[in-house]
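Please read them with the coordinates open.

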Amino acid sequence: MSSASTSQPIVPKTDYIEEKEDEEAYRKIDAEICGMLPNLPKEKGWTSEDLVQYQGFWIHPTFALKAAVHLQHHFNLFQTTGSSTSAARGSLPIYFLATLPKSGTTWLRALMFATLNRSLYDAASPHHPLLTTGPHDCFPFLEMDNMLGNHDHSRPVTSLDHDHHDDRDGGDAMIDNYVPPTSTTQLFATHLPYSLFPKSVTTSSSTYGVSKFVYVCRNPKDVFISLWKFGSKVKAVNTGLAPFSLEEAFELFCRGVCPYGPYWDHVLGFWKASLEMPEQVLFLKYEDLRKEPSANVKRLAEFLGQPFSEEEESKGVVQQIIKLCSFENLSSLEINKTSRTQQYFVKANIAVENSDFFRKGQVGDWKNFFTDDMAKRMDQIIDERFSGSGLTFANP
């Protein structure tokens, strides 16, 4: 990588977060996965041929299962090498953007990237990286990028190769991986449920840096419709199989069979963690973000350790980020209309167009598809599953 100019922030290298010392150990885990696969409960997949149930959740039988097992065996926040750099990292967090699929992942990727990098990339600039790079390429997807061997183990998974992507040279180079420019914080997106993360990630200690989760929850009715529409596009292309009918998909969803589902268990895992450890888990609602974007982006920045200054607020930086990351803006960009740039999908030989991540982004679109009986059944399930939790859903 070329040396940075004196005016550009230094991007420190971080130790690779997997404690991967022995390739043989990895081969043994792969063998373990192959051995358990035939014995795992199986159901039809929404975007793939099948889903398997692992520790209570329905996940993809290859990349997601492999990621979950490897994560539980080999994931430590930081290696302790005894160096001053490693010691300094002990108090710095690693951030996870956690969501169920079709809950606002694409939007939050953009918001988190723009917020954390605003000192390097002016949100109002015509050369901002998000204008020429899809949100899914801004930072790694844990299940694929980190666990499929797509990275170079000699360098950290989440370092951002700037190549001077600032306003001085257009910012149009591909963003391979990500780390905020002025810290050793690392950032990943994931759909894995909270219970599949090891204690080295979910529990803070004096030895390892504290991990933090930003979780986005969306009304299950809208999640269902968005997931069904997405699956209808992707499944036929990648498997040659016919997509689910609305009725078939609804039955599966109500039974909890959906990618990374059951929906309610996934949401409740992060909801309860946010109540127990609000300093480590920020629980956001998609509908609240749509209704009050400014207040919630400020909450996000505060949680990420980069609150907006009074000067930034007076200059309209918050609104600039909101405008840059809006559905209307991102969906209209050429990169998101005609390209296929999600590196982890490409490397896994899964065909997904950037445009597939932008449908409507509306609140309440489920009303255009649900019958009265479907709405009543879903409401009953929601009441039963979330009773006593304190978590409620608006019914737009």
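1. On helix 17, the face turned away from the buried side carries the exposed residues D372, D373, K376, D383 and E384. This assignment comes from a predicted model, as does everything else in this note.

2. The buried residues of helix 17 are M374, A375, M378, I381, I382 and F386. Viewed down the axis of helix 17, these buried residues fall within an arc of 130°, so they line one face of the helix. For the opposite side, the list in point 1 applies, with K376 and E384 among the exposed residues.

3. Helix 17 covers residues 372-386, which is 15 residues. From its first C-alpha to its last it reaches 21 Å, close to the 21 Å expected at 1.5 Å a residue. Just after helix 17, G388 takes a positive phi of about 80°.

4. How do helix 4 and helix 11 cross, and at what angle? Helix 4 (residues 105-116) and helix 11 (residues 293-303) have axes that come within 10 Å and cross at roughly 60°. That makes helix 4 oblique to helix 11; the cut-off that matters here is that roughly perpendicular begins at 65 degrees. The crossing of helix 4 past helix 11 is right-handed.

5. Which residues make the contact between these two helices? Helix 4 supplies L108, L111, M112 and T115, while helix 11 supplies V297, L300 and A301.

6. A123 lies in the loop between helix 4 and helix 5, the latter being residues 142-146. Is A123 buried or exposed? With a relative accessible area of 10%, A123 is buried, because buried is defined as under 20%.

7. The surroundings of A123 can be listed directly. Leaving aside residues up to four places away in sequence, A123 touches H128, Q320, I321 and L324. The C-alpha atoms of A123 and V318 are separated by 9.0 Å, although the two residues are 195 residues apart along the chain.

8. Some totals for the whole protein follow. The protein has 17 helices and seven strands. Of its 396 residues, 57% are buried. Among contacts with a separation of 6 or more, 76% are accounted for by residues 24 or more positions apart.

How values were computed. Residues numbered from 1 in each chain as written. Predicted model: local features only at pLDDT ≥ 70, side-chain atom pairs only at ≥ 80, totals over all residues. Heavy atoms only, no water. Helix = DSSP H or I, 4+ residues; strand = E, 2+ residues; numbered from the N terminus. Expected span 1.5 Å × (residues − 1). Buried < 20%, exposed > 50% of the residue type's maximum accessible area, 1.4 Å probe, protein only. Arc of directions from axis to C-beta. Axes fitted to C-alpha atoms, helices over the stretch in contact; angles between N-to-C directions. Parallel < 35°, antiparallel > 145°, perpendicular 65-115°, else oblique. Left-handed = near helix turned anticlockwise from the far one by under 90°. Contact = heavy atoms within 4.5 Å.
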